[in-house]
Amino acid sequence: MRRFLTERPVPQARCELCGAVVAEDSHRHLVDTDKRALACACVSCALLFERPGAAGGRFRAVPDRYLADPDHRLDDSAWDVLQIPVGVAFFFRNAALNRLVALYPSPAGATESELEPSAWQTVLGNSRLAALLQPDVEALLLRRTQGGGRPECYLVPIDICYELVGRMRLLWQGFDGGAEARADLEAFFEQVGRRARTVQGEGRP
Ligand SMILES: [Zn+2]
Ligand SMILES: [Zn+2]
């Protein structure tokens with residue numbers, strides 16, 4: 001029995017373009033802009049789609065930069081303007097539809113809503129992170145902190161946002177998510193905070 005369990009083959013993640021095996025928990029992704037889906041990718045395929053000439057095609061490589069802008073001040077009124085009912089949300093620009101989209105976990109699963117350009121302008125219009133944000137492949141991740149702290153804002157790869165939504169779908173309970181979801185969220189933001197560089201002098205990759 002023990003032998004059987006230990007020798008069970010581990011399911012392997014593969015690059016969806018060339019079929020190469022990739023590390024299960026850390027590999028690159030491409031956004032399939034036709035299907036609005038993420039595709040797992042190996043390093044070579046991701047690099048291929050990062051080349052400037054590749055822009056505008058169906059697949060776009062998700063960058064792996066994390067940025068923070070300590071100079072940009074958000075306050076709690078941002079939440080009312082953006083009309084987000086929960087404490088965490090991410091925002092991205094859908095290039096094909098030319099729309100700003102908000103996505104957040106909720107009791108009913110991930111909720112997506114279109115954002116009024118004026119709301120975006122009010123809250124994020126003058127932020128350097130919003131100016132650097134690449135459509136479809138990057139998102140602004142916002143979290144309202146408990147106890148009156150300033151909301152946090154990061155520019156992150158869009159694949160980690162979908163990962164977060166997937167995890168929240170499994171863990172979320174009741175209206176505020178419950179203890180397990182909150183602990184998971186805490187760990188997630190700690191990781192993002194560790195990876196994020198301050199935005200100074202950052203250009204488009
Ligand atoms: Zn590949
Ligand atoms: Zn993947």
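Which residues point one way from strand 3, and which the other way? Arg28, Leu30 and Asp32 point one way, His29 and Val31 the other, and all are buried. Buried means under 20% relative accessible area, exposed over 50%, and partly exposed in between, with a 1.4 Å probe and protein chains only. Strands (E, at least two residues) and helices (H or I, at least four) are DSSP runs numbered from the N terminus.

This is a predicted model: local features need pLDDT of at least 70, side-chain atom pairs count only at pLDDT 80 or more, and totals for chains, interfaces and linings use all residues. Residues are numbered from 1 along each chain as its sequence is written, chains are lettered from A and ligands numbered from 1 in the order written, and side-chain values use heavy atoms, with hydrogens and water left out.

1. **Strand 3.** In a regular strand the side chains alternate between the two faces of the sheet. Strand 3 is mostly covered, with five of its five residues buried.

2. **Pairing of strand 3.** Two strands pair if DSSP finds at least two bridges between them. Strand 3 pairs with strand 4 in the antiparallel sense, over five bridges. Asp32 has Ala37 of strand 4 as its bridge partner. The two strands form a hairpin with four residues between them. Arg36, in the turn, has a positive phi of about 50 degrees. Strand 3 also runs antiparallel to strand 5 (residues 59-61), joined by three bridges. There, Val31 stands opposite Arg60.

3. **Zinc ion (ligand 2).** His27 (NE2), His29 (NE2) and Cys40 (SG) coordinate this ion at 2.0 to 2.2 Å. His27 lies in the loop between strand 2 (21-22) and strand 3 (28-32) and Cys40 in strand 4 (residues 37-41), so the pair ties together parts 13 residues apart in sequence. Both His27 and Cys40 are buried. The donor spacing is H-x1-H-x10-C. Donors are N, O and S atoms within 2.8 Å of the metal (3.2 Å for Na, K and Ca); water is not among the atoms, so sites may look incomplete.

4. **Zinc ion (ligand 1).** Its protein donors are Cys15 (SG), Cys18 (SG), Cys42 (SG) and Cys45 (SG), lying 2.3 to 2.4 Å away. The site is tetrahedral, with angles of 104 to 117 degrees among the four donor atoms; four donors count as tetrahedral if all angles lie between 85 and 135 degrees. Cys18 sits in the loop between strand 1 (13-14) and strand 2, and Cys42 in the loop between strand 4 and helix 2 (43-48). They are 24 residues apart. Cys18 is partly exposed, at 47% relative accessibility. Cys42 is buried, at 10%.

5. **Nonpolar cores.** A nonpolar core is a set of buried Ala, Val, Leu, Ile, Met, Phe, Trp, Tyr and Cys residues joined through side-chain atoms within 4.5 Å. The largest has 54 residues; Ile84, Phe91, Trp120, Leu140 and Leu141 touch the most other members. Helix 6 (residues 158-171) gives the most to this core, with seven residues. Apart from it lies another core, of ten residues, including Ala39, Ala41, Phe59 and Ala61.

6. **Arg65.** This residue lies in the loop between strand 5 and strand 6 (67-68). Arg65 is buried, with a relative accessible area of 6%. Its side chain makes a polar contact with the side chain of Glu138 (2.6 Å). A polar atom of the Arg65 side chain also lies 2.9 Å from the backbone oxygen of Leu132. A polar contact is a pair of N or O atoms within 3.5 Å; within protein, one must be able to donate a hydrogen and the other to accept it, and residues adjacent in sequence count only if both atoms are side-chain atoms.

Conventions:
Tetrahedral: all angles 85-135°; square planar, octahedral: opposite > 155°, others 65-115°.
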